[in-house]
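Work through the exercises below with the structure in view. Try each task before reading its solution.

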Amino acid sequence: MYLSRFLSIHALWVTVSSVMQPYPLVWGHYDVCKTQIYTEEGKVWDYMACQPESTDMTKYLKVKLDPPDITCGDPPESFCAMGNPYMCNNECDASTPELAHPPELMFDFEGRHPSTFWQSATWKEYPKPLQVNITLSWSKTIELTDNIVITFESGRPDQMILEKSLDYGRTWQPYQYYATDCLDAFHMDPKSVKDLSQHTVLEIICTEEYSTGYTTNSKIIHFEIKDRFAFFAGPRLRNMASLYGQLDTTKKLRDFFTVTDLRIRLLRPAVGEIFVDELHLARYFYAISDIKVRGR
């Protein structure tokens with residue numbers, strides 16, 4: 001899809017190039033496209049970096065879980081309702097489609113009720129850590145164009161790291177840390193994207209903004225791509241030419257928004273209080289109903 005769209009745009013460029021005024025065929029890192037726009041002087045050609053359309057990249061990924069047997073349901077087990085240790089009549093059973101919660105349910109169509117979701121085994125082996133790596137791989141380079149959004153059906157984890165790879169999973173770098181207590185979990189002062197600037201946009205931060213455990217309507221975790229774009233394109237992203245100019249001339253910035261793989265490291269489930277309730281360990285697990293990644 002990416003390639004066919006690019007070739008179509010390129011073919012259009014070649015077709016009109018014979019009638020256009022002299023202009024370079026490339027604009028730094030990007031090919032050049034043009035379109036007609038209407039101004040007070042009439043119709044004129046507007047030149048821009050040639051960009052394939054942004055699309056839902058979860059349609060093309062491969063997902064891998066580590067440990068591979070971390071998904072609930074084999075063997076079947078019961079788990080408690082979120083935030084209520086006395087309602088433990090929910091069942092996960094991998095052999096029964098209506099009760100199974102496999103990884104592909106993180107990427108299926110949402111909007112149904114109840115939501116479909118992937119779910120881990122419960123924390124029955126406490127105090128051994130309940131940790132899961134969810135790796136998303138594309139086998140090609142992806143330029144991110146919108147926020148990465150993870151929707152939890154369980155409480156949002158007390159500790160989590162979002163990581164990225166630029167070399168197909170051979171090496172990894174942190175994208176952002178998430179914790180209810182950044183100083184305790186990662187020895188980092190808590191920050192938000194609002195604390196950054198054009199000069200510090202590449203800083204890796206730990207945020208406490210998305211790690212409240214059982215708050216109603218607080219299921220979503222963001223990695224804020226658009227807020228970082230806004231440092232160069234303005235708060236409403238109207239000056240995208242400025243952003244593309246920065247991406248073209250600053251390799252570190254371009255690499256920051258580019259991935260071949262993403263890894264979600266779930267390090268500690270939502271506890272909701274200071275101490276783990278060892279009498280009701282079936283209330284602690286991870287469950288994700290949706291992951292959104294847009295790019296080109």
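Buried means under 20% relative accessible area, exposed means over 50%, and partly exposed lies in between (1.4 Å probe, protein chains only). This is a predicted model, in which local features need pLDDT of at least 70, side-chain atom pairs count only at pLDDT 80 or more, and totals for chains, interfaces and linings use all residues. Residues are numbered from 1 along each chain as its sequence is written, and side-chain values use heavy atoms, with hydrogens and water left out.

**Exercise 1.** Classify Arg265 and Glu163 by accessibility, then describe the salt bridge between their side chains.

Solution.
- Step 1: Arg265 has a relative accessible area of 24%, so Arg265 is partly exposed.
- Step 2: Glu163 has 8%, so Glu163 is buried.
- Step 3: A salt bridge is a side-chain nitrogen of Lys or Arg within 4 Å of a carboxyl oxygen of Asp or Glu. For Arg265 and Glu163, the N to O distance is 3.3 Å.
- Step 4: Arg265 sits in strand β15 (residues 258-268) and Glu163 in strand β11 (residues 159-165), 102 residues apart. Strands are DSSP runs of E with at least two residues, numbered from the N terminus.

**Exercise 2.** Classify Lys124 and Glu77, and state how far apart their closest N and O atoms are.

Solution.
- Step 1: Lys124 has 51% relative accessibility and therefore counts as exposed.
- Step 2: Glu77, at 14%, counts as buried.
- Step 3: The closest N and O atoms of this salt bridge are 3.8 Å apart.

**Exercise 3.** How many salt bridges does the structure hold?

Solution. The structure holds 13 salt bridges.

Notes. Helices (H or I, at least four residues) and strands (E, at least two) are DSSP runs, numbered from the N terminus.
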